[in-house]
Amino acid sequence: MNTQNSRKELEQSQLKRLGEMLQAVLPANEFYRKKFSANKFSDIASKELLKSLPFTTKSELVENQALYPPFGTDLTFPRERYIRIHQTSGTTGKPMYWLDTEKSWEWWADCWKVIFDAAGVRPDDRVFFAFSFGPFIGFWAGWEGARKLGAMAVSGGGQSTPQRLKTIIDYGATVLVCTPTYALHMASEARKAGKDLAKESAIKITIHAGEPGASIPSTKRMIEESWGAKCYDHAGATEVGAFGFQCQSQSAAIHVNESEFIAEVLDPNVGAPVGEGEQGELVITNLGRIGSPVIRYRTGDLVQPSYQPCPCGRPFLLLQGGVLGRVDDMVIVRGVNVFPSAIENVMREFPEIEEFRVEVFEKESMKEIRIVLEPCSDQSSTGVLAEQVSQHMRERIGLRPQVELVAPGTLPRFELKAKRFFKL
Ligand SMILES: [Zn+2]
């Protein structure tokens, strides 16, 4: 089957699923019934119908939960049908709650099975989750996905970093699931304790989410070298599901699982689709979470679509460079468009840098960037490092930022989503 044919079949199957979902959702789900009350629906879902539907935004969902506490009205079934509750990480304001039915929770797990399969995880693998297993949905669904695959899931909940490292080595874990930042943090702690994880751990595959890191070339390289493993990116969100995964043919792009999600990439200002190779906002409709769906949801994620065939044979859309960042994170400094991920790519070229923080501030009504660096404890010539970083930034991004060094241990560490980018 060539990619064009299979894309056509894929689209037909997506529209069929969309039609079935709308039939279930429209009469019973108050949020979408109200929202789509002015829309006309025919028996057959079409591309035109999808395009006619208004977008769903995060602020709308947050407002809905505030108006109808605690769970809002994006619920298709009576409350007793729901078996799981999670919440967003709350990195931007009040957390949002999200309920799943038995069926939609199974769907989440199946989406994670796709992520594991694509990365080459097999039933005889032991998957370690360096995750707190608190109310944030994070890797809870990954935990279920490992079970679906038949692999052994090992929880790192309630453990400190040294305990997690010991468990990984003692249990012979072969797959690591965590944020990219935390993978690097564990590697750095191991190094300080005189351990070489590439040699002493059996980890051969790492799977990451929560931040763009695993698709940032130098971050990815650093993780792979520290763990002696192959690093895979994945993308998802509490309100959307696990929509993106990396196959073994790609090292700097992720697929959207279009069997379960309809993806549109739109110009955030005008709402029209962007062309191949252009950047736009990812808008997602999930097809298997009937109990609490999102339809044409503006993720706020900036992506660059490609429909080129992938050597893996999957007809799915590719997002070049993974999720590039948040649409509203881009800053223009002296005429240069700067993304946090581009700065991270430069920082991770320096193994001497343990942690960093980027501050954007205004000086005489011009935007400026300051980079605060925390070197590894064994770093002696810090002045040289600051100068090198500043020079690399100029070569790569075209800006020469202020670089400030702080003592080891000064900057915060992150287990979940890292926050390193600040607009002051
Ligand atoms: Zn592929």
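**Notes on the predicted model**

1. Lys40 is exposed, at a relative accessible area of 73%. The residue sits in the loop that joins α2 (30–35) to α3 (47–52). Between Lys40 and Gly134 there are 94 residues in sequence, and their C-alpha atoms lie 42 Å apart in space. As with every value in this note, these come from a predicted model.

2. Asn64 belongs to helix α4. With a relative accessible area of 9%, Asn64 is buried, because the cut-off for that class is under 20%. Beyond its neighbours within four places in sequence, Asn64 is in contact with Phe31, Gly72, Thr73 and Asp74. For the pair Asn64 and Phe31, a separation of 33 residues in sequence goes with a C-alpha to C-alpha distance of 8.0 Å.

3. A cis peptide bond runs from Pro69 to Pro70, with omega near -5°. Pro70 is placed in the loop between α4 (58–67) and β1 (82–87).

4. Phe133 has a positive phi of about 55° and lies in the loop between β3 (126–129) and α6 (140–149). Its relative accessibility is 15%, so Phe133 counts as buried. Arg296 likewise shows a positive phi, near 50°, in the loop between β11 (280–286) and β12 (297–303). Arg296 is buried, at 5% relative accessible area.

5. The largest nonpolar core holds 67 residues, and Trp112, Phe116 and Ile207 have the most contacts inside it. Helix α5 (residues 102–118) is the element that gives the most to this core, contributing 8 residues. Apart from neighbours within four places in sequence, Ile207 is in contact with Trp112, Ile115, Phe116, Ala119, Val121, Val175, Leu176, Val177, Cys178, Tyr232 and His234. There is also a second, separate core of 22 residues, which includes Leu176, Cys178, Trp227 and Cys231. As general background, nonpolar side chains in soluble globular proteins tend to be buried together.

6. How many residues of α11 are buried? The count is 6 of 8, and the helix is mostly covered. The buried residues are Pro340, Ser341, Ile343, Glu344, Val346 and Met347. They pack against α10 (217–227), β17 (336–338), β18 (353–363), β19 (366–375), α12 and β21 (421–423).

7. Helix α11 (residues 340–347) packs on helix α12 (residues 382–397) at an angle of about 130°, and their axes are 10 Å apart. On the α11 side, the contact is made by Ala342, Ile343, Val346 and Met347, and on the α12 side by Val389, His392, Met393, Arg396 and Ile397. Sorted by class, this contact of α11 with α12 has 7 nonpolar, 1 polar and 1 charged residues.

8. Helix α11 also packs with α10, at an angle of about 45° and with the axes 7 Å apart. The two helices, α10 and α11, are therefore oblique to each other. In this contact, Pro217, Ser218 and Thr219 of α10 meet Glu344, Asn345 and Val346 of α11. By class, the contact of α10 with α11 has 2 nonpolar, 3 polar and 1 charged residues.

9. The buried residues within α10 are Ser218, Thr219, Lys220, Met222, Ile223, Ser226 and Trp227. Among them, Ser218 and Thr219 also take part in the contact with α11, while Trp227 is included in the second core. Just after α10 comes Gly228, with a positive phi of about 60°.

Key: Residues numbered from 1 in each chain as written. Predicted model: local features only at pLDDT ≥ 70, side-chain atom pairs only at ≥ 80, totals over all residues. Heavy atoms only, no water. Axes fitted to C-alpha atoms, helices over the stretch in contact; angles between N-to-C directions. Helix = DSSP H or I, 4+ residues; strand = E, 2+ residues; numbered from the N terminus. Contact = heavy atoms within 4.5 Å. Nonpolar A, V, L, I, M, F, W, Y, C, P; charged D, E, K, R; others polar. Core = buried A, V, L, I, M, F, W, Y, C linked by side-chain atoms within 4.5 Å. Buried < 20%, exposed > 50% of the residue type's maximum accessible area, 1.4 Å probe, protein only. Parallel < 35°, antiparallel > 145°, perpendicular 65-115°, else oblique.
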